[in-house]
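Reader: I am new to reading protein models. Could you walk me through this one?

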Amino acid sequence: MFQFDHSLARELEGFYVPVQAAKPRVPRMVAWNAPLAEALGLPQADETQWAAWLSGAEEVPGSQPIALTYAGHQFGHFNPQLGDGRALLLGEVIAPGGARFDLQFKGSGPTPFSRQGDGKSALGPALREYLMSEAMAALGVPTTRSLAVVATGEGVWRDTPHPAGVLTRVAASHLRVGSFEWAAAHKGRQAVERLADYALARHFPDRMEARNRPLALLEAVTEAQAALVAQWLSIGFVHGVMNTDNVTISGETIDYGPCAFLDAYAHDQVFSSIDRGGRYAYGNQPVVCRWNLYQLASALIEAIVAVDEGDNEAARQLLDGFGTRFEGHWIAAMRRKLGLTRTDDGDVALAQALFQALEGQGADFTRLFRALAASLSEGYGAVAAEVTDPAALQHWWDQWQARLASEPLDPDERAARMNAVNPLYIARNHLTDAALAEAEAGNMAPFEELLALVRQPFTRRAGMERYEHGAPDGAPAHVTYCGT
Ligand code: AMP
Ligand code: MG
């Protein structure tokens, strides 16, 4: 049976409202993550039963559905009242290893926070979150996971009619920067302190003994987010809507609405239809991450200085140090991607020079790093084939070769290590869109094929060549939309 706990409901009275999920009549399981269910220690049941539970048709035994309240800066503008407008927290499960996870419905109907929305989710975007989050998990990036997508048998209107679905999301928690902004804006210092203590105990328990707990939380989240965004950049991931309500306290990637993986590398690449200013462009993500952490600091600052006035300065220094902290994570990831096991003072400049040389070359981000590994045995030609101007990377490649001369590994070993961190298969935009369109039309085969590949992204599979290539020439530019 389910063994739910409800620590958030118990300890954070006032931060949520109880809400019941809408009850669909004919739920049908569309994507079931059996390995994740097992890892969480969930009970054995057949898919029909799971579909009934994970659609809201039958109450999940022991659950206590609540909608969380939060605020957030959306594209730089503060909205003091957001909240789960189409999501419900069922409760927390403790996995066999002892880790605590939220189970949350997304698309389960309206809540007091739905504003003008219908509280529903179209099936395609729910499956998109499933696919993307599984791909990220397989790439080793901290992320929320997806337990199931159930079609409800109903429809939703998103410019055109779509079948509706409910996604069950699994997260270390659903606390976000916007949760603290809400507490600071509406409830004052003591509520912020209560929330900070809850978050620290849940996500960073080894820091509970810190002299200044709100400051310790700010430090821990800064570290987690710097590490996370560095990983995003290293795999060409564009989150697309880094509003403060979509920034977790745990450091997990959350909210796979308008996200996408880069096709051709461009520092300023944007996919989202609403991000006209490029605020959430690929290369701007570290800048926005720091901006978001400033909002967290603003929400925490009263609590921080209440412990020690002088810690105002400590908080400032922490945020001033974000760039250095981020760069440390970024260059560590880039060294792995470039097959560098030792450190050299010139490595940051070398990695930056690669991206400068790539600008405007139309090089597929994912393929390029596999080509670099191939070039260790095949020579520069393997790289030249990936860029518009075949000579564009020659100078950089020569510099890289010179740098590799001080490295211990032989070329085969180095290539193997590079290929173990540089994926062959990502959720490519044109393939994802095609698979989701098929899924909404009732054919799950392309989705399942793509999912199987991105779950083992480093291993080449025979007969799957088309998954290694970008969209054919002349294909329309990829555009993503917010609403799941
Ligand atoms: P997001 O951009 O997905 O992070 O959502 C921002 C806010 O809008 C959150 O408070 C969501 O719960 C809410 N929201 C988004 N879509 C819907 C919807 N279809 N119905 C109700 N609320 C929604
Ligand atoms: Mg959100």
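Author: Happy to! Let us begin with a term: a polar contact is a pair of N or O atoms within 3.5 Å; within protein, one must be able to donate a hydrogen and the other to accept it, and residues adjacent in sequence count only if both atoms are side-chain atoms. This is a predicted model, where local features need pLDDT of at least 70, side-chain atom pairs count only at pLDDT 80 or more, and totals for chains, interfaces and linings use all residues. Residues are numbered from 1 along each chain as its sequence is written, chains are lettered from A and ligands numbered from 1 in the order in which they are written, and side-chain values use heavy atoms, with hydrogens and water left out.

Reader: How far does a backbone N or O atom of Gly119 lie from a nitrogen atom of ligand 1?

Author: Ligand 1 is surrounded by 17 residues, and Gly119 is among the closest; here a residue is near a molecule or strand if one of its heavy atoms lies within 4 Å of it. Asp118 also takes part, with a polar side-chain atom 3.1 Å from a nitrogen atom of the ligand. For the backbone N or O atom of Gly119, the distance to a nitrogen atom of ligand 1 is 2.8 Å.

Reader: How much of ligand 1 does the protein bury?

Author: An N or O atom in the side chain of Asn246 is 2.9 Å from an oxygen atom of ligand 1. Taken alone, ligand 1 exposes 480 Å², an area that comes from the Shrake-Rupley method with a 1.4 Å probe, where for residues only the protein chains shown count as cover. Of the ligand's area, the protein buries 85%.

Reader: Is Asp255 buried or exposed?

Author: Buried means under 20% relative accessible area, exposed over 50%, and partly exposed in between (1.4 Å probe, protein chains only). Asn246 has a relative accessible area of 10%, so Asn246 is buried. Asp255 has 13% relative accessibility, so Asp255 counts as buried.

Reader: How many residues of helix α5 are buried?

Author: Helices (H or I, at least four residues) and strands (E, at least two) are DSSP runs, numbered from the N terminus. Helix α5 covers residues 177-186 and is largely enclosed by the rest of the structure. Among its buried residues are Phe180 and Trp182.

Reader: Which residue has its backbone oxygen reached by the side chain of His6?

Author: His6 sits in the loop between β1 and α1, and its relative accessibility of 13% makes it buried. Contact means heavy atoms within 4.5 Å. Leaving aside neighbours within four places in sequence, His6 is in contact with residues including Ser63 and Leu90. At 2.9 Å, the side chain of His6 reaches the backbone oxygen of Gly62.

Reader: What is the bridge partner of Met29 in β9?

Author: Two strands pair if DSSP finds at least two bridges between them. Strands β3 and β9 run antiparallel and are joined by 4 bridges. In β9, Met29 has as its bridge partner Val150.
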